[in-house]
Amino acid sequence: MRFVLSGDSDCPIARIALGQGESVKTESGSMVYSRGVEITGGLNTKKKGLGGVFSAIGRSITSGESMFITTATGTAPAGEIAVAPPVPGKIVELKVDGANRYRLNTGAFLACDEGVDYTMVSQGLSKAIFGNTGGLFVMEVAGTGSLLVSAFGDIMALDVDPAEPLTVDNEHVVAWDASLDYHIEVASGIFGFTTGEGLVNTFTGQGRVLIQTRNLANLAQAMHPYLPTTSN
């Protein structure tokens, strides 16, 4: 993927170059502008007909993912599409190939090459109940090409070693190596009431985890006292 990041470093947009006939897949609603590009939308599934409709609805309900996916295809030698995430923060590129596959938290996906594909893999009922990592299913990417992910705040990469598991607040997880195992649990006490922490995600194995330095749940909680209320 040929792209540049423009704008403020904390609120960038990704400007993706497309030659004639080249395509990228982007998160629905993420387009800022385009030129020399044809934009098509479709259900977020490979199934056709009525089965595809129900499949897309089911994926949206069980994974928190959009029902729709947007494909941008260059119609001129110098086509361009710019995309941006819905919240301020960083955008980073992940290389996907046979040795590098990733799983993504809800809302992390921004765009990917046509050669990058993804599937929804089951992550177990306990992880679905106790988490913000995709509900019953979580997105796993494979293939060959580039993947753009976004985060709220900055993005940091943390290495996981078999001898040293990594525990991350669940709201801060962006993406992780698909080879890592993980489980979600209460930080301490009764849903973290004794420490102020909530659910945490513990990763084990050998690989890397990408985290975001801020989370929307904390922002919403901090803003709540200042929001207007209605009265009858």
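**Before you start**

The model is predicted, so to speak of local features a pLDDT of at least 70 is needed, side-chain atom pairs count only at pLDDT 80 or more, and totals for chains, interfaces and linings use all residues. Residues are numbered from 1 along each chain as its sequence is written, and side-chain values use heavy atoms, with hydrogens and water left out.

**Stop 1: the whole chain**

Show the protein chain as a cartoon and you will find 3 helices and 19 strands; these are DSSP runs numbered from the N terminus, with helices being H or I of at least four residues and strands E of at least two. Of its 232 residues, 41% are buried. Here buried means under 20% relative accessible area, exposed over 50%, and partly exposed in between (1.4 Å probe, protein chains only). The accessible surface comes to about 12100 Å², and carbon and sulfur atoms hold 57% of that; areas come from the Shrake-Rupley method with a 1.4 Å probe, and for residues only the protein chains shown count as cover. Among contacts (heavy atoms within 4.5 Å) between residues at least 6 apart in sequence, 77% join residues at least 24 apart.

**Stop 2: strand β1**

Select residues 2-6, which form strand β1, and pick out Val4. With a relative accessible area of 42%, Val4 is partly exposed. Beyond its neighbours within four places in sequence, Val4 touches Ile13, Ala14 and Arg15. Now draw a distance between the C-alpha atoms of Val4 and Ala17: these residues are 13 apart along the chain, and the atoms are separated by 8.5 Å.

**Stop 3: the largest core**

Next, select Leu104, Phe109, Met139, Val141, Leu147 and Val174, the residues with the most contacts inside the largest nonpolar core, which has 20 residues. Such a core is a set of buried Ala, Val, Leu, Ile, Met, Phe, Trp, Tyr and Cys residues joined through side-chain atoms within 4.5 Å. Elements giving two or more residues to this core include β8 (91-96), β10 (109-113) and β12 (137-143). Its largest share, 3 residues, comes from β11.

Centre the view on Phe109. Leaving aside neighbours within four places in sequence, its contacts include Lys25, Ile69, Leu104, Met139 and Leu147. Apart from this core lies another, of 13 residues, among them Met1, Val24, Ala72 and Ala111.

**Stop 4: the aromatic rings**

How many aromatic pairs does the structure hold? There are 4. Rings of Phe, Tyr and Trp (its six-membered ring) pair if their centres lie within 6.5 Å; planes under 30 degrees apart count as stacked, over 60 as edge-to-face and the rest as tilted. Phe109 and Tyr118 have ring centres 6.2 Å apart and planes at 50°, so this pair is tilted. Both Phe109 and Tyr118 are buried.

Move on to Tyr182 and Phe203, another tilted pair, at 6.0 Å centre to centre and 35° between the planes. Tyr182 sits in strand β17 (residues 181-186) and Phe203 in strand β18 (residues 199-204), so the pair ties together parts 21 residues apart in sequence. Tyr182 is buried at a relative accessible area of 3%, and Phe203 is buried at 0%.

**Last stop: helix α3**

Finally, select residues 216-223, helix α3, where Leu219 lies. Is Leu219 buried or partly exposed? At 36% relative accessibility, Leu219 counts as partly exposed.
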